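Here are some notes to read with the model open beside you. Take the points one by one and find each residue as you go.

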Amino acid sequence: MTPSLIKEWHKFFAISLRQRVDSPTFQRLVNTLYCRNPLSGRFIVQALVEQRQKRNVLDPRMLLFIEDLLHLKQVNLADVLLSLFEPFETELRAARGKSDNFPNSGPSFEIAVLQALATEVSEGRRPETREEAILVLRCLLHWIAAHRDYSQGANGPSEVLYSTWEALGFLVAELGNNVIVSELLRRSLPADIKRSLVHTFPSFIGLFPQRNLQLAHALDFFMKQAGLYDAIDDALGTNLLDAADLEALSYQQSVPDSPVVLTRAYLYVFLNSMLIGRPLFDETPVSELLLARYRNDSTSLVTDLITASFDVLANAMYRNEPNDLIFLIRSFLVNRLPIFLSVLAGALFPPMTVEYCITQALNHVDPAAFQSFTQMFNPLDSSGMLSEARQEFLFACALHKLIPEQSIERLIGDLPMQSLPEAGKYVKEDLVAQCTANPGRIEELIGELENMEGNAGEIASALVEIIQSLCASKDTMTLKCVCGALSRRTQALDVIMLFTRPFSLLQPLCQLLDNWVVEEDQGEHQPVYDEFGGVFLLVYVTRHRYDLQQHDLGVSGQVSFVLKYLHAGSSSRSLKDLSSEEFQQLGAWIRGLFETEAITNELISTCKPQEFYLLVATLFKQSLAACQAGVLSLDVLKSGFEYLLEPFLLPSLVGGLAWFTQTIWEMNGQSKELDNTLSALQALLKPNSMSGESSAIHSAVLSIIARPLEHSLVHIQRHQPRRQDIDPLLSVLRLHSHAQRSDATSPTELDLWSSTNGGGLSAAVRHTFRTLTQWGLAASLDLAPPPSYTHRQLLVVVRILGADAVLQTILDEIMNGEASTFEDVALDVAAALICAPSGAYPAIPNGMFSDAPKRQLTLRDALQLSYADAFKLSKDNSYRAALTVRLYRRVEGLLQTVANHTTNVIPVTDEMMVDLDSAAARGQISGTSAVGGPHTDINDVLAEVEQDIAVQEFLTGSNAFGEIS
């Protein structure tokens with residue numbers, strides 16, 4: 001074996017990942033390369049695994065390639081385990097003894113591969129021979145010994161590291177069920193392997209009884225097969241699962257289940273939680289969870305889902321929720337739900353059609369809310385919007401061929417006042433092609449996102465693809481227009497979020513900002529700032545609107561501008577902390593703003609946009625200090641600041657106004673300094689005049705900073721109530737202070753719930769639970785309007801009182817109230833509250849970014865802990881213990897269905913990887929599919945043929961791709 005052989009395999013894997021080679025092509029090419037350059041299995045896998053470290057992105061295609069190599073029998077399980085272990089051990093040693101344990105950017109890849117290997121074993125494909133089984137066990141010894149060594153220097157594993165040990169445990173358990181391994185364990189286990197297991201396995205199995213008793217039981221069986229208990233010291237006892245654990249397991253299994261009732265309240269709570277803040281409707285896990293709940297009874301699922309959607313909309317109207325929330329729910333009903341129903345419709349068979357389900361659903365909704373159009377024109381009636389929404393939903397269903405258009409009149413009981421859109425049903429590929437030919441069409445489509453016609457899904461998908469393509473081709477002029485239109489129309493952003501995750505929209509934009517390049521031959525530099533500011537503003541408007549974190553943006557790395565701005569954009573620095581280049585740039589900007597009073601091309605050509613944005617807070621600090629010292633007059637200061645209200649500089653005020661927020665909060669009663677600060681702030685918040693373009697950007701900037709700046713000004717006003725210059729500023733800010741869509745609770749709501757008779761917040765939760773339970777029972781018997789409900793209440797009470805206190809309150813209510821008579825209904829409502837999704841949880845699994853949130857204990861976590869203690873509780877309160885067990889089974893039965901279809905692999909799609917790898921090669925908006933995906937025309941087929949030829953050229957020695965490091 002020579003280094004050149006290994007290098008050839010490295011090149012091959014890099015090209016295959018870059019070109020998104022599909023499995024059949026990959027297997028054919030691997031055989032070709034192996035014949036030419038044979039290499040041991042361990043080094044083949046090693047070459048592939050090292051691509052992950054180079055790319056710094058977890059690519060799901062790497063997992064597919066490992067599976068292909070196993071199927072080709074050019075590598076075995078031991079090769080994979082050993083190659084995977086070496087980098088894992090390096091990270092483990094680096095993390096040992098640190099307070100944060102294993103970094104959150106940890107072993108998602110390892111988890112996915114271990115799960116894939118467990119699948120290989122469970123399906124009987126591996127190991128094939130006794131020799132391979134022995135090699136696998138020897139490799140597992142390295143992993144298990146690493147757990148022992150690491151656990152000696154750590155307080156306990158982090159969540160991501162525990163998931164790795166758990167995946168390893170499942171692999172060991174599957175090996176114990178394998179015929180070849182089982183025979184080896186029982187009859188001919190090598191003595192050295194047995195000795196090593198005796199010393200390492202007890203601490204490993206001891207990790208699981210408190211968190212996964214079933215896995216611990218399976219590993220206990222593995223130990224018995226290997227005869228390890230006979231060799232373990234008497235101090236360890238005769239069984240690692242002590243009598244108490246086995247007794248607890250026996251009790252949990254003995255509790256009988258209560259009948260499963262599918263209440264109307266479940267989906268009502270579920271949809272409320274998904275729409276209360278940032279839209280969280282992720283089609284695949286939602287469909288899996290709901291199908292599991294309905295046991296594949298698609299007719300009941302479709303009917304109940306439609307009913308719940310109308311219930312949620314009616315509830316929002318009754319509660320006088322903000323207009324943007326009502327708009328979002330309405331758009332979900334008209335634009336998102338029909339697409340989801342199209343997926344479910346495939347499981348319906350006549351006479352159980354979607355039309356039948358709609359008929360049944362409309363019979364269940366409150367007739368007082370969704371009246372006919374004849375009734376709607378009563379001037380004293382306020383249900384007009386709800387009736388419009390019903391008609392819009394039906395026409396959207398007709399657009400998606402779920403029902404015939406002629407059925408609409410029968411379903412609404414009146415003549416329809418609407419028709420199908422003239423352009424018919426949109427197709428994403430057609431929209432992308434239209435925008436490629438005419439970029440002006442993009443802004444038209446953004447406007448159409450707010451229409452209630454059923455076409456928003458295709459528009460949203462097309463816009464996300466267009467933005468990704470514009471970022472890849474660096475068409476920043478067109479991109480600025482697109483970003484500007486979305487920054488101004490935040491309701492259109494809400495609709496896009498119904499169909500995609502923030503990561504898909506923002507990651508390419510953040511990557512573009514991080515790598516923004518100014519061409520050396522750039523003549524006019526103002527457009528550079530203009531285009532950069534447009535992209536930057538959309539990222540920050542979106543981040544603020546949905547309260548997104550770093551992992552939602554898709555940014556990482558110490559050199560990322562976006563990360564630097566997130567952490568330090570609002571912080572000023574002392575002059576001694578600036579580099580010489582930054583010091584010169586700051587001086588040039590101060591002279592340009594306050595001395596020459598001109599922002600020249602020469603000035604902005606010497607300072608990249610990223611550099612200027614990071615200097616703005618320091619610029620404000622130094623300018624105000626100069627004014628305070630008498631070097632600058634207040635009029636000159638205000639006049640200079642007004643230059644920053646030019647459209648190409650305005651977005652930079654995001655960090656600058658945030659600096660004002662912190663500075664004003666710290667001033668308290670320093671009157672003279674405060675005078676100058678508020679005067680300067682007035683020049684930025686209430687300029688004498690602005691152009692239309694500046695005004696739109698200014699409004700977007702204020703929407704980001706209005707609420708924290710308002711709080712700082714109110715803080716000062718409390719200390720100096722006689723000041724007359726604060727109220728005008730507050731009036732401006734309050735026009736923009738409701739731009740955020742999060743699940744946060746308003747002070748008014750919190751005060752109302754805190755003052756609930758009989759226990760404050762706990763009493764409020766009890767009342768809500770009781771109301772939902774009563775409605776869940778009544779709604780199954782008769783037409784019943786939905787009760788007033790907002791998921792914000794549950795979220796804020798969990799944050800304040802803690803998840804366990806809320807869980808115990810729910811259990812108390814089931815036991816002591818009327819709910820005990822209808823335990824099955826109450827359990828379903830409780831399961832709804834626990835299973836409901838929340839924006840507080842990461843949208844992307846931990847492991848991709850280092851700042852993935854460390855979340856608070858959830859209701860599900862609290863239920864798992866209570867379940868573990870159910871046996872102890874049964875001695876004092878058998879009914880409560882049994883309730884806990886039944887509720888746990890119901891919740892885990894639903895959520896594990898989703899978990900079983902979801903690994904900890906980061907959901908990076910082929911399209912995203914193409915954007916990352918070949919962005920420079922894509923020079924125009926493209927609607928072509930990724931390699932291996934469905935083809936829309938002959939060009940896609942030819943593209944794949946060309947790719948195949950290119951890889952073949954590499955294999956035959958003619959490397960058309962050049963050198964790959």
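1. Helix α15 gives the most to the lining of the largest cavity, with three residues. Here a cavity is a set of points, on a 1 Å grid over the protein atoms alone, where a 1.4 Å probe fits but cannot get out, and lining residues have an atom within 4 Å of a point. Besides α15 (298–318), the elements that give two or more residues to this lining are α13 and α16 (323–345).

2. A word on where this comes from. This is a predicted model, in which local features need pLDDT of at least 70 and side-chain atom pairs count only at pLDDT 80 or more, while totals for chains, interfaces and linings use all residues. Residues are numbered from 1 along each chain as its sequence is written, and side-chain values use heavy atoms, with hydrogens and water left out.

3. Back to that cavity. Its volume is about 70 Å³, a volume being the space filled by probe spheres set on the points, with grid points joined across faces, edges and corners. Residues lining the largest cavity include N272, V312, N315, R319, E321 and Y789. The whole structure has seven cavities of 30 Å³ or more.

4. Two of those lining residues turn up again: R319 and E321 are linked with E749 and R792 in a network of salt bridges. A salt bridge is a side-chain nitrogen of Lys or Arg within 4 Å of a carboxyl oxygen of Asp or Glu. The search of the whole structure finds 29 of them.

5. Now zoom out. The chain has 47 helices and zero strands; these are DSSP runs, numbered from the N terminus, with helices (H or I) of at least four residues and strands (E) of at least two. Of the 965 residues, 56% are buried, where buried means under 20% relative accessible area, exposed over 50% and partly exposed in between (1.4 Å probe, protein chains only).

6. Which parts does the R889–D257 salt bridge tie together? The closest N and O atoms of R889 and D257 are 2.9 Å apart. R889 lies in helix α45 (residues 878–900) and D257 in the loop between α12 (243–254) and α13 (264–275), so the pair ties together parts that are 632 residues apart in sequence. R889 counts as partly exposed, at 24% relative accessibility, while D257 counts as exposed, at 54%.

7. For another pair, look at R723 and D675, whose closest N and O atoms are 2.6 Å apart. R723 counts as buried, at 13% relative accessibility, but D675 is partly exposed, at 29%.

8. Finally, the greasy inside. Nonpolar side chains tend to be buried together in soluble globular proteins. Not counting residues up to four places away in sequence, F660 touches, among others, F620, F641 and L681.

How values were computed: Contact = heavy atoms within 4.5 Å. 1 Å grid on protein atoms, 1.4 Å probe; cavity = no way out; pocket = protein on both sides within 12 Å on 5 of 7 lines; lining within 4 Å.
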